[in-house]
Amino acid sequence: MTLTVHQRLTVIGGGLAGCEAAWQAARCGVEVDLYEMRPHKSGPAHVTGNLAELVCSNSLRGAALENAVGLLKEELARLDSLIITSAREAAVPAGGALAVDRERFAQFVESQIENEPRITLHREEIREIPLDRPTIIACGPLPSEEILASIDALVGRRLHYFDAASPIVAADSIDESQMYRKSRYEKGDGDDYINIPLTREHYAQLIHDLRTLPRHQPKEFEQELQPGDTETLPAEVLSAKTKTPYFEGCLPIEKMADRGDEVLRFGPLKPVGLRHPVTGVTPYAVVQLRKENIEGTAFNLVGFQTQLTWPAQKEAFGKLPGLAHAEWVRLGVMHRNTFIDSPRLLDASLKLRSHAHIWFAGQITGAEGYVEAAACGLMTGIHAARAIRGLTSIVFPRETALGAVVAHLQNTATHDFQPANVTWAYVPPLAAAEESGRKLGKREKRTLLSERALVALELCKDEISTTSSCHIAVT
């Protein structure tokens with residue numbers, strides 16, 4: 001099929017990746033049909049019919065450029081990302097992280113999509129992937145069974161893993177007299193988090209409860225191997241697939257507790273940088289509560305994604321200081337996420353190797369995380385728009401965080417491809433000249449990597465803007 005400038009782009013899915021892809025393509029002068037099945041049909045993790053609903057945490061993680069995800073956010077912002085602009089508009093205090101009021105964030109994204117004249121929003125389900133037109137599949141990690149069957153037919157097989165969400169508590173139901181407000185190392189406003197200090201005894205009780213209280217057990221169908229696995233996967237990988245495959249970056253808290261008594265103290269409950277502002281004492285461990293909305297009427301338990309049953313969650317978390325009378329706005333949930341074997345299926349533009357005009361974007365590619373999903377959407381939106389307009393393809397520089405996202409999705413060295421957040425591991429190291437012949441500390445090295453990335457991005461942005469009529473703001 002030869003694409004023409006008159007062809008429209010179809011985007012399947014109104015999540016972060018789909019909205020970003022539609023936005024970028026429209027800004028590049030292409031007419032877009034954006035399909036979202038909600039509110040008429042909902043997935044197992046969604047609770048609203050909003051575009052760009054955040055179903056797990058409300059945090060887009062660290063904002064500092066020394067963090068790979070912080071650099072990725074800055075790169076997206078410089079390319080006029082709808083998702084990052086909306087997140088900053090709906091931001092709530094969160095120390096060194098970018099967290100949002102979920103409802104305001106979704107409302108801002110939706111209003112921008114609805115007011116973009118080149119985007120037509122269709123509130124209906126696409127059950128079969130159209131192969132006769134340029135299409136971006138951004139259905140998210142929890143698509144309907146019908147679209148999953150269509151993906152299976154397209155790619156041969158899919159993979160899956162399990163993800164979990166943290167509980168949310170009503171602010172007026174907690175006893176703050178047993179807590180204190182402080183951000184780690186006084187980042188942000190210095191008091192963006194409510195901290196629950198744990199003694200050794202409190203911590204031991206929590207560990208005991210996490211290990212012994214009932215857990216939700218995945219249904220049998222959720223643990224079954226996918227068609228073709230027995231023929232295509234190595235024996236050791238095939239064995240691992242018979243067990244529930246959790247994403248390492250978002251393990252249920254009880255799974256972390258299973259790994260050792262001190263794991264949580266060096267993970268989400270670490271007390272480092274959280275000395276009590278009155279007593280000056282550093283607690284044995286700390287449970288942090290982060291704002292869920294701008295008004296601060298609800299907080300989520302940071303790092304407490306869980307597969308405990310709901311009664312077990314109330315029992316275990318109700319024993320934490322100040323939460324004895326907690327009103328739970330939402331208890332933790334666990335669900336299956338689906339992803340494809342991107343290194344063997346997609347090229348560097350995230351286009352399906354076997355079909356000339358089908359792209360994949362978002363978490364279904366194995367790019368784990370809100371920001372990474374938006375990054376996939378941004379890149380595929382630009383790639384698809386350029387293909388429709390008959391323009392040369394763009395390569396996002398390897399030195400950038402955007403390039404690192406692509407590098408993970410192109411890593412054919414591993415036979416057991418797994419979802420991952422953006423990391424510095426996929427960013428090329430500094431040249432000897434850039435390191436000035438001396439050994440650099442980690443923070444200084446990452447600062448130089450970020451500076452190099454942003455210079456490379458500016459050149460890429462200039463190429464996009466001058467050759468495709470993309471309206472990318474100059475920052």
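A residue counts as buried when its relative accessible area is under 20%, as exposed when that area is over 50%, and as partly exposed in between. These classes are applied below to a predicted model.

**Backbone features in loops and strands**

At 15% relative accessibility, Asp-80 falls under the 20% limit and therefore counts as buried. Asp-80 belongs to the loop between α2 (68–78) and α3 (82–89). Arg-61, located in strand β3, has 25% relative accessibility and so counts as partly exposed. Both residues have a positive phi although neither is a glycine. The values are set out below.

| Residue | Phi | Relative accessibility |
|---|---|---|
| Arg-61 | near 70 degrees | 25% |
| Asp-80 | about 60 degrees | 15% |

A further backbone feature concerns the peptide bond from Arg-38 to Pro-39, which is cis, with omega near 10 degrees. Pro-39 lies in the loop that connects β2 (32–35) and β3 (59–62).

**Helix α6**

Helix α6 comprises 13 residues (residues 200–212); at 1.5 Å a residue it should span 18 Å, and the 18 Å between its end C-alpha atoms agrees with this. Which residues of α6 are buried? They are Tyr-203, Leu-206, Ile-207, Asp-209 and Leu-210. Because these residues cover an arc of only 165 degrees around the axis, they lie on the same side of α6. The elements covering the buried residues of α6 include β11 (193–198), α10 (253–258), β12 (285–291) and α11 (310–317). On the face of α6 turned away from the buried side are the exposed residues Arg-200 and Glu-201.

Notes: Residues numbered from 1 in each chain as written. Predicted model: local features only at pLDDT ≥ 70, side-chain atom pairs only at ≥ 80, totals over all residues. Heavy atoms only, no water. Helix = DSSP H or I, 4+ residues; strand = E, 2+ residues; numbered from the N terminus. Expected span 1.5 Å × (residues − 1). Buried < 20%, exposed > 50% of the residue type's maximum accessible area, 1.4 Å probe, protein only. Arc of directions from axis to C-beta. Contact = heavy atoms within 4.5 Å.
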